[in-house]
Every structure is written in structure tokens, then in C-alpha cells.
Amino acid sequence: MYKKRKTFIFGTTLAAVLVMTIAVYFFTQIRLGVQKDNLSNLSAFGTQLDAHFDEMNGKYFSVLKSCLEASRSGAYHSREEILDFFRDKQDIWQYRTAGIMDKNGGYVTIEGETGTLEDLSFQEKKAGYIDNDSMSIVNLGVGDELLYYASLEESIWDAAEIGGIFVTPAFDELEYLLALNVYTEEGYATIIDKEGNILLKPHYDYSMMITDNYLDSLEHSDLYGREPDEQLRNDMAASASGSLIFSWMGKRNYLVYMPVGRSSWYLLVTVPANVLETTTRSFRNFMIAALLVTVVLLLCFCTIYFTGRQHIIDKKNKEILAKEQISKKQLADALEEARQANRAKSIFLSNMSHDIRTPMNAIIGMTGIALSHIDRKEKVKDCLNKISTASAHLLSLINDVLDMSRIESGKLTLNSENFNLRELFHTLEGIIQPQIISSHFDFTVDMEELEHEDLIGDPLRFKQLFLNIVGNSIKFTDPGGKICVKVQEIPSGSEDTARYRFTFRDTGIGMSPEFLRRLFQPFERSDSPRASHAEGTGLGMAITKNITEMMQGSIRVESTEGEGTVFYIELPFKKGAPHPQQPLPDASKAGDAGTDTDYSNRCLLLVEDNELNLEIAKELISVTNVRIDTAVNGQEALEKVTASSPGYYSLVLMDIRMPVMGGYEASRKIRSIDRPDLRQLPIIAMTADAFTEDKQRALDAGMNGHIAKPIDLRELYNILGKYLS
């Protein structure tokens with residue numbers, strides 16, 4: 001009996017020791033793991049704070065940069081105008097104050113406060129956080145506030161009087177950045193320099209900081225072993241991030257630190273261990289209670305442990321299975337997207353092949369017919385007219401595809417230029433007038449009394465919208481039908497913006513409800529017999545909708561089969577300055593303008609490296625009797641212009657992509673010659689680079705205008721008339 005009792009006591013004691021050993025071991029491991037996780041999480045939190053600080057810096061540097069750029073452009077001519085700039089931006093950026101500062105430290109704020117800063121080292125030698133060569137962040141006292149400062153260049157007006165401009169953040173913004181409310185205000189963030197001086201701190205007090213130097217305060221740590229201030233000094237000297245645990249007055253604290261941006265400053269995040277180690281304390285209390293239990297409770301504990309472990313394993317297995325199912329679904333979705341992309345690509349290539357081959361077939365076929373009937377003038381003329389029509393259709397197809405491609409890639413841009421809305425409509429009426437007359441349409445344009453006609457926007461893209469919609473009305477309305485366009489100015493809700501509603505109404509064949517749902521999708525065409533015989537790419541309405549939305553407008557459509565269609569487009573334009581209206585030429589006769597003029601007393605230089613294009617251009621221009629000199633590259637053109645007598649050339653038509661020297665470079669060099677006549681010599685780009693940015697590049701190179709290939713006779717003869725008359 002005694003032996004059994006002894007065995008029981010020994011077993012119980014052994015079990016108790018085993019429980020204690022296991023408890024101590026697990027407590028130690030869990031505590032180390034918790035410390036590691038806490039430091040890792042705190043480091044991630046510190047990285048987020050650093051990102052917020054960098055974001056705040058970028059915000060205020062953007063304000064200073066905007067003011068600097070405006071000053072360089074001459075937008076501001078006095079100190080008060082700069083202060084007005086900052087007053088206007090204060091509600092947007094929410095900074096505490098801003099102002100200007102002279103080179104002696106004297107400053108004035110947007111509120112009218114004045115004063116003088118004694119330490120001006122930041123004007124000569126950038127201190128603290130440096131954004132670039134002209135901006136810096138300066139600390140104004142321990143934990144007080146920041147001043148974002150930018151020096152004015154000497155070339156900027158009044159730079160001798162105004163040394164720089166500055167912005168200071170709101171106190172609550174810095175408090176939000178530094179006060180770690182997520183840790184119940186027991187944690188805090190500070191920013192120090194490499195000497196340990198505290199630059200920024202929360203406004204509430206915390207007992208650890210016995211001096212204004214963080215490293216000096218850290219020297220009083222209670223922990224034995226390597227001094228925490230020594231570790232922090234060494235890591236800061238190496239510009240490295242790190243973490244450590246120190247004790248202050250018997251309380252353990254977690255500390256993580258990292259450099260701030262490209263500066264010599266350091267961000268420190270300190271949180272008491274008791275805030276983070278709630279899990280460890282709970283487990284320690286549990287272990288103390290576990291030492292008092294019996295072997296039975298130990299068995300129960302084991303049972304509970306293994307049951308819980310199995311539950312965790314089952315839960316993880318379910319999570320793994322769920323992730324596998326999600327991955328399979330994602331793979332299936334990706335596969336379906338790839339298949340849809342391949343189908344879309346196949347449909348696109350099929351449509352392109354069909355739509356390109358159709359006009360190409362007409363061009364090739366009519367060319368063959370014309371060659372076989374070369375002695376029959378009327379037959380050849382008929383073939384040439386059909387070739388011209390097919391070529392125009394092919395060019396329209398290419399332009400539509402390129403526009404759609406640029407829209408989908410986000411590269412389509414809008415111009416901003418002055419135009420008169422009434423004059424623009426007069427021009428558009430002239431363009432469609434031949435088709436209106438030939439089909440005897442009842443075409444009207446109703447422009448109510450408009451308050452604002454001089455606008456700023458992109459008239460070329462508006463012309464594209466107009467011709468796409470009216471062109472469809474012409475194609476799908478029987479001869480003698482009605483096509484009406486109505487323009488109304490509607491409230492815009494802004495003083496500098498005018499808004500218009502454009503209503504396009506026709507009595508055409510209309511559209512089915514099914515097709516209306518697909519109307520604005522690329523390559524969509526109606527299945528009606530009339531539509532299947534009409535020329536078109538199916539891209540016009542998709543382009544129209546995208547351009548309308550790019551112009552911050554809206555489009556909607558109503559249609560009934562057999563009755564007609566109505567499009568409603570609303571567009572905003574900036575109000576422009578009034579300019580005298582010029583009488584517009586009759587667009588229907590513009591193509592013949594060159595045949596009625598005589599410029600035999602003028603000479604132009606035609607620069608083109610392609611022999612066939614050169615022959616075409618010479619033939620088209622020769623009807624005006626102008627004398628034509630030619631060059632095959634920009635270098636030859638430069639030499640001929642340089643060697644010419646003043647006023648010899650009245651116009652230069654310049655190709656862009658040429659060997660030896662391109663058109664842009666040749667134009668810039670001509671403009672740089674020290675001759676007044678050459679600085680005024682009209683130079684027109686005549687190139688197949690036809691995008692909006694290509695036209696802008698021509699103007700930037702010193703050219704006066706742009707003609708896109710294939711050459712539009714109306715545009716060519718207008719250019720000749722403008723510069724040779």
C-alpha cells in the first residue's frame with residue numbers, strides 16, 4: 001500500500017514537474033514568438049507611418065512646386081499675388097498657414113502675421129528631409145512644427161526680395177501622424193536626427209523622455225546586456241532600420257526605428273509591452289493555475305489540447321480546400337477570359353479582313369477595268385470615280401480603326417483651341433451639302449439664340465461626332481427624307497462653362513431594340529438588309545460615344561423601326577473670348593479652288609523623299625501655275641532655302657520622315673537662320689503622321705500648319721490660297 005502510495009506521489013510529482021517544465025518551455029517559446037511577431041507588426045506599422053509622412057511631404061511639396069512653376073511662367077507679379085495663391089489653396093490642402101520669406105529670415109503669412117527666423121541655415125544648406133535641390137523640410141523647435149520651404153531661383157521675378165516660400169502643416173495633421181491612438185495613447189511616434197535630438201513628438205506628455213534627446217533618455221534603460229542606445233546609434237550611423245526591447249522604470253517597451261525618406265531623420269515607434277503582450281499574460285496566468293491541478297486535470301488538458309489541435313487541423317484543411325476551389329475558379333475565369341480575348345481577336349481580324357478587302361477589291365478591279373478600256377474616256381472616268389470612292393472608304397476605315405485603338409489604349413487626346421460654334425456648323429453644312437443635294441434631303445439646322453458662340457474645345461473631334469451621326473442619317477434615310485439638327489444652350493452650373501444639347505433627328509429606317517443595346521459596341525452593325533449593303537466599319541458609334549465621354553458629355557438615342565432615329569448629345573465647352581466672324585468659303589466648291597487661280601509669280605519648295613508622292617504632289621499643285629522647286633530631304637531643303645534670295649520662296653511644303661535630315665529638324669534650323677524673311681517663311685508639314693500630337697509637334701518645330709496624307713484637295717488648295725495669294 002505504501003509502495004503504491006509512494007508510486008502515486010512520485011508519479012503525481014513527476015507529472016507536476018512535467019507540467020511545469022512543459023509550461024515553462026511553452027511560455028518561453030510563446031513569449032519569444034510573441035515578441036518577434038510584435039516587433040514585426042510594429043515595424044510594418046512604422047513603415048505605414050513613414051509612408052503617410054512621405055505622402056504628407058509630397059502633398060506640401062506639390063503646393064510649393066505649383067507656386068514655383070506659376071512664378072517661372074510669370075503668372076505672379078507681386079508678393080500679394082503669391083499670398084493669394086496660398087489663400088486659395090488653403091481650403092483644398094488644409095495646411096495651417098503659408099507665406100513668403102526674404103533672405104534675412106523676415107516672413108509674412110497669409111493671415112498677415114510677420115516675424116523673423118534667426119536660424120536660416122536651411123536657405124544655404126538644406127537641412128533635414130530633402131525632396132530635391134530646391135525644397136527642404138525644416139524643424140522649428142523641439143516637437144513644435146514643420147516648415148516646408150522652397151527657394152526662389154534668381155531668374156524668377158522679385159527673387160532678390162523674396163528668398164523663398166513656405167507652408168506649415170496643421171497641428172492636428174501632425175498629431176494624427178504621431179499619436180498612435182490605435183494603442184490607446186500609450187504608444188507614440190517620434191522623429192529624431194542622427195544625434196538623437198527630438199524633432200517631432202505628440203503634444204501629449206509621456207514620462208520616458210527626461211531630456212530633449214532620445215538617445216540620452218535611452219541610456220537610462222534598466223535592461224542588462226548590450227545598451228539599447230548603442231544599438232540605435234550604430235544602426236543610425238549605418239542608415240539601417242531595426243528594432244529592440246528596452247526597460248524604463250521596470251516597464252518593458254518595444255521600439256522600432258527606420259530612416260525617413262532620403263533624409264538624415266529617423267522615425268521611432270515606441271509601444272509599452274503591456275499593451276502588446278496581453279496574450280502572453282493570459283497564458284502565464286493559465287500556467288500558474290495549471291500547476292495546482294491534478295493528474296486527472298492533466299489528462300483532461302491533454303484531451304482538450306488534442307481535441308483543439310484536431311479542430312485546428314480540420315479548420316486548416318477546410319481553408320486549404322476552400323483556397324483550392326477559389327484557385328480553380330480563378331483559373332477557369334482566366335481561361336474563359338483568354339478564350340473570349342481570342343474570339344474577340346478572331347472576330348476583329350475577320351471584320352478587318354472583310355472591310356479592308358472590300359474597298360481594295362474595288363480599287364484593284366476598277367484599275368484593271370480602266371486599263372483594259374484606256375481608249376474609252378467615259379469608262380475610265382467612271383472607274384476613277386469609283387476608285388476615289390473606294391479609297392475614301394478605305395481611308396475612313398483606317399482612321400476609325402486607329403482612333404478606336406488609341407481610345408482603348410488611352411492615348412487619344414483632345415485639343416483645346418478657340419472656335420466659333422456657328423462658324424463650325426456652317427463649315428459642317430458645306431461638307432455634307434453635296435450629299436444632301438444629290439439625295440434631295442430636307443435638311444435643316446435650328447440654332448436657337450445662343451448666348452455664347454465663342455468657345456474653347458476640340459472642334460476637330462466635334463466635327464467627327466457630327467459627321468458620324470449625320471453620315472448615318474444620310475446612309476439610312478430614303479431620298480427626300482428629313483434630317484434635322486437642333487442646337488440649344490442649357491444651364492451649365494458654372495460661370496466659365498457653357499453647356500449645349502445637340503439633337504439629331506431623321507426619318508430613316510430606324511433601329512430595332514435588340515440592336516440599340518449593341519449600338520455603341522465596336523464592329524456592331526445592324527442585320528437589316530439596308531444596313532448590310534451600306535458601307536461602314538461598325539466603329540463610328542463606338543468612337544462617337546467614347547469621344548463624347550472624353551469631352552465630359554453624354555449621349556443617348558431613341559429609335560423606332562420604320563419611323564426614324566433621334567440622338568441627344570450634351571457637351572460642355574469653356575467659354576472663349578469673342579472674335580470677329582469671318583465669311584466662310586463655299587465648301588462645295590473648295591475642291592475646284594486650285595483650278596481657278598494663277599500663282600505663276602510665286603515659287604514654293606516641295607520637300608519629299610518618295611518619288612511617287614513627289615510626282616502626285618507636283619501634279620496636284622501645278623494646276624495653280626506656281627513655280628515648284630523640289631528637295632529629297634531636309635538637308636537639301638535647308639541648303640536651298642539658305643542659298644535663296646530674300647522673298648524667293650513663298651511657301652515650303654515639308655515631309656517629315658526623310659533620310660539624312662527629317663522635316664522637324666530642318667524646320668527648326670530654318671527658323672534659327674538670322675534672316676527676317678526665313679523666320680516668317682510659311683512651312684507646312686505634309687506627312688502621313690496624322691494624329692493630333694503630330695500636328696502639335698509640327699507647330700512646336702516652328703511650322704505653320706499640317707496637311708495629312710492622303711492629301712485632301714480642299715485642304716491643299718486652301719493652304720495654297722492662304723499663303724500664295
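Contact here means heavy atoms within 4.5 Å. The model is predicted. Helix α15 spans residues 540-550. Its buried residues pack against α10, α12 (459-475), β19 (554-560) and β20 (564-575).

Which residues of α15 are buried? They are Gly-540, Met-541, Ala-542, Ile-543, Thr-544, Ile-547 and Thr-548. Just after the helix, Gln-552 has a positive phi of about 65°.

## The α12–α15 crossing

Two packed helices are described by the angle and the distance between their axes. For α12 and α15, the axes come within 10 Å. They cross at roughly 145°. The crossing is left-handed.

From α12, the contact draws on Arg-461, Gln-464, Leu-465, Asn-468, Ile-469 and Asn-472. From α15, Gly-540, Met-541, Ile-543, Thr-544, Ile-547 and Thr-548 take part. By class, five residues are nonpolar, six polar and one charged.

## Nonpolar cores

Nonpolar side chains tend to be buried together in soluble globular proteins. In this model, the largest nonpolar core has 54 residues. Leu-421 and Phe-502 have the most contacts inside it. Helix α10 (residues 377-409) supplies the largest share of this core, nine residues.

What does Leu-421 touch, leaving aside its neighbours within four places in sequence? Its contacts are Met-447, Leu-450, Glu-453, Leu-455, Val-487, Tyr-500 and Phe-502.

Key:
Residues numbered from 1 in each chain as written. Predicted model: local features only at pLDDT ≥ 70, side-chain atom pairs only at ≥ 80, totals over all residues. Heavy atoms only, no water. Core = buried A, V, L, I, M, F, W, Y, C linked by side-chain atoms within 4.5 Å. Buried < 20%, exposed > 50% of the residue type's maximum accessible area, 1.4 Å probe, protein only. Helix = DSSP H or I, 4+ residues; strand = E, 2+ residues; numbered from the N terminus. Axes fitted to C-alpha atoms, helices over the stretch in contact; angles between N-to-C directions. Left-handed = near helix turned anticlockwise from the far one by under 90°. Nonpolar A, V, L, I, M, F, W, Y, C, P; charged D, E, K, R; others polar.
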